[in-house]
Structures are given as C-alpha cells and as structure tokens.
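Please open the structure in your viewer and keep the sequence panel beside it. The tour below goes from one selection to the next and says what is found at each stop.

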Amino acid sequence: MQTFGAEFAVPPGYLNTPSIGIPPSHVADAVAEAVERWRRGEARPSDFDEPVARTRAGFGGLIGVPADRVVIGASVSQLIANVAAGLPDGASVLVAGNDFTSVTFPFAAQAYRGVKVTEVPLAELTERVGGHDLVAVSVVQSADGTQIDLDRLRAAAEAADAAVLLDVTQAAGWQQLDLGWADWVVCAGYKWLLAPRGAAWMAVHPRALERAIPVAANWYAGEDRWQTVYGLPLRLADGARSLDLSPAWFSFVGAAASLDYLGSLDLDAVRAHCVGLADSLLEALGSPGQGSAIVSLDADAGKVAEAGIVAGTRAGRQRFGFHLYNTADDVERVISTFR
C-alpha cells in the first residue's frame, strides 16, 4: 500500500505495531543493500558512522533535543542501566505500577545498595513525586496506551527537585514531543519508529550527564573512536557520547532511513490519523476515545485471530496499535469480532 509518501508491504489487519513496527519498503531495501555489501566483502566499519550520526539527529528532532545530547545503544534497559548505576546509594525512585519492565528493572536491580523503587498507580504518579530522587515512566503505557500528563509531571518534578526519565518507545513516531526539559529520554526503534531491532537512543540533559555511569564503556564511546580501540588509559568522549554503545551496524542503517522518513512527515497529521482510527474503534464499541494510538480491549483472542488480525495479548487483554499503514478497514475487522 502507498500511504504518507511511502510504500508498505503490510497485510490487512496488522495491528501489532506496539510489538513490532513494519518498515516502509525503502527502509527494508536499505538494510538489504547493506547486507549485500557485507556479503560481497565491500563493507567497512567506518561506513556505518554516517548512518549512526543521522539517527542521532533524527531521534533528537522527534523529541526536541539537539543531536549532541543523544546516546546510541541497542535497547532501552541497556541505556537506562547507565542512569541506574549512577544513582547514589539509598536513592528513591518512583515508577508507575505495571510499567514496562525495561523501565523499572534496571533500578530494581540496584536494591543491593539500598536503592528503593516505589510503584504507584499511573494516575497517582504526579501527586506522589515529592520525596523521590527520580521519576521513571513511559510516556505512553505499553499495555493499554494510557498517557502520562507531561505538563503536570514536569511541574511536580521541578517543585520536588526530582530528576525525570521518560521512555518514549510507545509514543515517538506518532505524536509531537518536546522533551528537552527531561533529564533522560529513552526509546527503542523497532516499534513506532519502524526500524530494525537493535537500535535505541537516550537523550541526556547536560545537567544529568555527570549523574550517569558508562557501565559498558567501550571503544565507540571514545572522543576519536578510531584511536581508542587499544590500550589504557580510559579516554571517553566529552558529552553524551561517553555513554555510547557500539552500534549494531545493520540496525542503524535501517534506523537512519526510517528516522529520515518520519522526520519528513507532519506529525500532527500522523497523530490525527493514528488516534482517529483508535478512537473510532472505541466509539464504535460504546466507549469514549482516549487520544492514544494504542487500544486495549476485552476481546476474544480466537475471534481476533480468525478475523485475520495480528494483535498483541497484554495484561490479559487484546492490544491493538494503529500506525501509518492502518485504515478504517482494520477498525472494521476488530469491530466484527464483537458481533
């Protein structure tokens, strides 16, 4: 299908973007071409520096931060581990109950040195910030698409002098984000950003940089990475790149193409499309829209599969995600399972 200026080879009824996004054809072609160059012995390690740099700018553009604040990695939990390791002994972390564990587990793993993680219902999070050193939360919840009120969270954190870590994995790519105020913003690329798995990013506010520890310090985080491949002393780059992980090359080739594409779109139009479909499904089933591209329903998984729908099962419910390549026909498929 052709939509939003790109071609997608997505089958009807694919509503599983919150698990794995489907790339535009030109993104998949870019990865295939890179693999072919590798197969023919034409690839060189330095060839991949340019696409990595493009993803820093592309991710930064999607969340409203400059490229020089952006760290690269392979997964959200891997990047958050740098933040968790930098917490002082006995620190207090506030999280939302039932948030994705890549957000919460890195902090819980610090319990051996007295770091305490407190779970509260998402609806209460902004009222409970006081007394905590850091708040870590997904902007859009993976299980059901519920969104945190970012303005209220920012105000509460500033009043309590608490740091904020935001996971935008289920938000970036379908809505406008302006998160330059947050201490850390993390994201995996293989869902709404339509990139291969193995590319992830973390934006670091300058005031937060010294509060993170490069737990996987490596050659790629060097100031001149091609001069830090051998020997001591430790010589990491200044700024956010000191936290870089060595990139999964082909994943970043695809991510560069997908972020270039998403960055060219009117994200207000993208949001209107995605949320419009999701809310129309809820309204057709007698519920108010929730303004999210993700919908969670008490649906019969067997009927969903029989209707040719690919969805996720999360927290005992069927989860449906609407992205660029979904249409009103996909909404009707879901509605048909309730008849």
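What follows is a short walk through strands, loops, salt bridges and a surface patch.

This is a predicted model, in which local features need pLDDT of at least 70 and side-chain atom pairs count only at pLDDT 80 or more, while totals for chains, interfaces and linings use all residues. Residues are numbered from 1 along each chain as its sequence is written, and side-chain values use heavy atoms, with hydrogens and water left out.

**Stop one: a covered strand**

Begin by selecting β7 (163-167); helices (H or I, at least four residues) and strands (E, at least two) are DSSP runs, numbered from the N terminus. Five of the five residues of β7 are buried, where buried means under 20% relative accessible area, exposed means over 50%, and partly exposed lies in between (1.4 Å probe, protein chains only). In a regular strand the side chains alternate between the two faces of the sheet. In β7 both faces are covered, with A163, L165 and D167 buried on one side and V164 and L166 buried on the other.

D161 has a positive phi of about 55° although it is not a glycine, and D161 is exposed, with a relative accessible area of 71%.

**Stop two: an open sheet**

Next, show β10, β12 and β11 together, which form an open sheet of three strands in the order β10-β12-β11 with antiparallel pairing. Because β10 (294-297) and β11 (312-314) stand at the edges with a single partner strand each, one side of each is left without a neighbour in the sheet. From one strand to the next the twist averages 35°, with axes taken as lines fitted to C-alpha atoms (for helices over the stretch in contact) and angles running from 0 to 180 degrees between N-to-C directions. β11 and β12 (residues 317-321) pair over three bridges, and T313 has Q318 in β12 as its bridge partner.

**Stop three: two buried loop residues**

Which residues does H323 contact, leaving aside its neighbours within four places in sequence? Select H323 in the loop between β12 and α9 (328-336), where it is buried with a relative accessible area of 0%. The residues in contact with H323 (heavy atoms within 4.5 Å) are T17, G173, W174, W192, L194, H273 and C274.

From that list, select L194, which lies in the loop between β8 (184-188) and β9. L194 is buried, with a relative accessible area of 2%, and has a positive phi of about 60° although it is not a glycine.

**Stop four: salt bridges**

Side chains of opposite charge can pair when their charged atoms come close. A search of the whole structure finds 15 salt bridges, each being a side-chain nitrogen of Lys or Arg within 4 Å of a carboxyl oxygen of Asp or Glu.

Select R56 and D244, whose closest N and O atoms are 2.6 Å apart in a salt bridge. R56 lies in helix α2 and D244 in the loop between β9 and α6, so the pair ties together parts that are 188 residues apart in sequence. Both R56 and D244 are buried.

Move on to R207 and D183, whose side chains meet in a salt bridge at 3.0 Å, N to O. Here R207 is partly exposed, with a relative accessible area of 44%, whereas D183 counts as buried at 4% relative accessibility.

**Last stop: a loop with a surface patch**

Finally, go to the loop between β9 (200-204) and α6 (249-263), where Y230 is placed. W226, V229 and Y230 form a nonpolar patch on the surface, with about 350 Å² of accessible area together. Such patches are made of residues with over 30% relative accessible area and no salt bridge, with like charges joined within 9 Å and nonpolar side chains (Val, Leu, Ile, Met, Phe, Trp, Tyr) within 5 Å, and accessible areas come from the Shrake-Rupley method with a 1.4 Å probe, only the protein chains shown counting as cover for residues. Y230 is exposed, with a relative accessible area of 70%.

In the loop between β9 and α6, also select P233, which is joined to L232 by a cis peptide bond with omega about 10°.

Technical notes
Two strands pair if DSSP finds at least two bridges between them.
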